[in-house]
Amino acid sequence: MAQYVVRRVVYGMVTVLAVSIITFWLVQNTGADALDRLRGNPRIQPEQIREMSEYFGLDRPPVEQYFTWAKNFVQVWNYPDAWGQSFTGSGPVQERVFDKVLGTLRLMVTALLLALLIGIPLGIFQAIKQYSFLDQTATTASFITFSTPIFVVGIGLQILLALYLERWTGVKFFYTSGMNSVNYSQFSFWAKVGDSVQHLFLPAMSIALISIAAYSRYQRATMLEVLHSDYMRTAKAKGLPRRTVVLKHGLRNALIPIVTLVSLDIAGLLGGAVITESIFGWPGMGRLYIEAIGLNDWPIIMALVVVISFMVVVMNLLADLAYGWLDPRVRYE
Amino acid sequence: MSDERKGVDATDYAALDAAEGMAVEPVTQWRLFWTRFTHHRLAMWSALGLAIIVGAAVFADLLPLRDPIQQFSDATGRANNLLNPGGQFPFGTDRLGRDVLSRVVYGGRTSLAVGFLTGLMVATFGTIVGSVAGYYGRWIDTALMRFTDIVLSLPLLPIAIVSAAFLRENFRGKEWLTLSVLLGFLLWGSLARIVRAEFLSLREKEFVEAARAAGARDRRIIFRHILPNALSPIIVTTTLTIGTAIILEAALSFLGFGVRPPTPAWGEMASTGGREAVGGAGAWWLVLFPSMALISTVLAVNFLGDGLRDALDPTQSIDRK
């Protein structure tokens with residue numbers, strides 16, 4: 001067990017390291033650096049550019065730059081200066097990134113909860129009522145969802161549930177952009193909650209939809225497998241009521257594999273967040289990432305890539321450990 | 001789905017009946033596959049739909065379509081921008097007065113080219129890595145599979161975005177090619193794992209032992225004996241990967257890292273169209289048509305993959321009871 005964890009941690013570190021090296025090489029070779037925009041500005045003297053270039057260490061060889069970056073990057077505790085300054089003068093990188101982590105997490109956690117709370121009951125219901133109308137409809141719907149890009153879902157929800165719903169009913173149900181209204185700070189507590197939900201629902205739902213499809217398919221399959229297993233026949237033969245059989249004997253065992261599915265889905269949820277954030281103007285890591293790539297602000301790009309890979313690695317490890325804890329048959333080698 | 005499959009039962013096959021009744025015509029594996037595949041209604045419809053989409057994209061020049069890049073204006077010289085669908089422009093026009101119908105048709109070129117090319121790359125890489133790892137085993141297997149694990153645990157979209165930005169800057173004008181190479185490099189992992197698992201079990205089979213005893217070399221055993229038996233999961237996984245690649249290409253182009261404007265691409269059309277539709281103009285057709293094209297293409301590819309799985313290897317069907 002301890003050996004397994006150590007090995008997984010080592011692989012995780014190798015992954016994050018590989019990602020950081022690849023990304024560093026890529027951003028170093030992507031056209032002009034961020035200072036080029038300043039070079040085009042006639043009011044900035046070449047002297048100043050050279051000073052800034054020295055300040056950011058851009059005049060050094062790339063390998064040295066990478067090691068300097070890495071050495072500073074691991075000293076996370078030196079908040080907020082550890083990760084250096086943004087090239088575009090928007091402040092310390094660490095502050096900007098940490099600021100956006102919470103935004104993305106809020107979106108992802110809501111999406112995950114929605115997916116679990118809708119997908120799993122749907123899958124169980126489909127398995128219990130196999131080949132019913134609802135089962136067939138949900139199956140078709142999930143196949144279509146699998147083939148639908150997340151941005152189509154996002155824009156579709158914006159048009160239907162925000163734009164047209166408001167036009168037809170005259171009531172504003174959902175917002176299409178941002179995390180809170182402008183005068184959010186003056187709201188009462190419940191108004192704040194309501195406002196947050198109105199902003200959060202559509203982007204979270206756009207991310208969740210494909211996971212709902214995946215979870216319900218998977219839950220349906222596992223539940224069917226469990227329902228046809230020997231111990232279920234035994235439970236039925238003992239004369240237990242159907243309710244007890246399905247819920248106590250069936251459901252408990254059918255829920256375990258969903259942990260694996262969630263762990264495989266984490267990277268997908270993050271990727272979904274990147275796209276959804278730029279559609280809904282959500283202040284999160286994904287939108288910052290796209291912005292930073294547009295400006296070639298590599299301290300921010302690097303920080304985000306490493307934070308995202310780190311999150312994926314950690315969450316995958318946690319999910320795998322949880323799986324072993326839930327299912328004693330699993331052994332770690 | 002199950003309805004279609006319920007109809008697919010061994011007794012249904014005309015070919016089998018004929019062979020049983022008269023015992024004249026030999027039933028080959030290919031023939032069996034073909035009967036099973038043509039009996040899969042959904043897969044047949046998908047194949048037809050996909051053929052139409054691919055045909056329209058390939059022969060777009062021969063179709064009576066307008067130039068997808070030209071900005072149209074009426075007789076008085078006023079731009080035909082944001083015209084509703086219907087009449088002269090069946091799918092309407094966009095903000096710049098370009099014909100949405102012809103942009104949708106031409107936009108398919110990028111998506112389909114990237115999809116199929118990525119599929120080809122994935123099939124090649126995945127098969128090579130998987131078969132080498134599975135056949136030779138030991139340290140080669142460990143090394144290759146650790147590498148595969150790392151590729152599979154990369155955060156796909158963030159890496160794809162930063163790489164696409166790099167490729168876009170350094171290889172101007174060849175975005176469809178660079179995107180295919182990029183997606184090929186990112187997506188081969190799961191196929192490699194599947195092929196490896198096939199090789200691990202197949203290399204222990206008697207027919208492989210027999211081939212080895214007869215003095216066949218590794219290369220012959222891999223290509224002539226094991227690979228043909230592992231072909232069905234390779235074909236199915238590759239088909240499904242094409243769907244994933246089309247979606248990813250559209251996502252990258254949506255975020256602005258795909259082909260350069262004014263070349264049409266479905267993702268980019270949905271992106272600018274989305275801004276028009278939500279931002280007050282209400283131009284829903286700018287989103288609807290490229291999105292429908294995208295969804296139907298991916299849906300057709302996925303159903304085709306499903307049908308191929310059922311036809312190539314009926315025991316592997318997911319819905320089996």
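**View 1. The helices of chain B.** Chain B holds 14 helices and 0 strands, and in this predicted model its elements, followed from the N terminus on, run α-α-α-α-α-α-α-α-α-α-α-α-α-α. Of the 321 residues in chain B, 45% are buried.

**View 2. The largest nonpolar core.** This core has 149 residues, and those that touch the most other members are Ile301(A) and Leu304(A) together with Ala160(B), Ile161(B) and Val162(B). Its largest share, amounting to 15 residues, comes from helix H14 of chain B, which covers residues 285-312.

**View 3. The surroundings of Ala160(B).** Which residues does Ala160(B) touch, not counting those up to four places away in sequence? They are Leu182(B), Leu186(B), Leu248(B) and Leu252(B), and Ala160(B) is itself one of the core residues that touch the most other members.

**View 4. Where chain A meets chain B.** Here 42 residues of chain A are in contact with 36 residues of chain B. On the side of chain A that touches chain B, the elements giving two or more residues are helix H1 (2-28), helix H6 (133-146), helix H7 (150-169), helix H11 (258-280), helix H12 (285-295) and helix H13 (298-326) of chain A. H1(A) gives the most to this side, with 8 residues. By residue class, the side of chain A that touches chain B divides into 28 nonpolar and 14 polar residues, with no charged residues.

Key: Residues are numbered from 1 along each chain as its sequence is written. Chains are lettered from A and ligands numbered from 1 in the order in which they are written. This is a predicted model: local features need pLDDT of at least 70, side-chain atom pairs count only at pLDDT 80 or more; totals for chains, interfaces and linings use all residues. Helices (H or I, at least four residues) and strands (E, at least two) are DSSP runs, numbered from the N terminus. A residue is buried if 20 or more other C-beta atoms lie within 10 Å of its own, exposed if 12 or fewer, and partly exposed in between; C-beta atoms are placed from the backbone. A nonpolar core is a set of buried Ala, Val, Leu, Ile, Met, Phe, Trp, Tyr and Cys residues joined through C-beta atoms within 7 Å. Two residues are in contact if their C-beta atoms, placed from the backbone, lie within 7 Å. Ala, Val, Leu, Ile, Met, Phe, Trp, Tyr, Cys and Pro count as nonpolar, Asp, Glu, Lys and Arg as charged, and the others, Gly among them, as polar.
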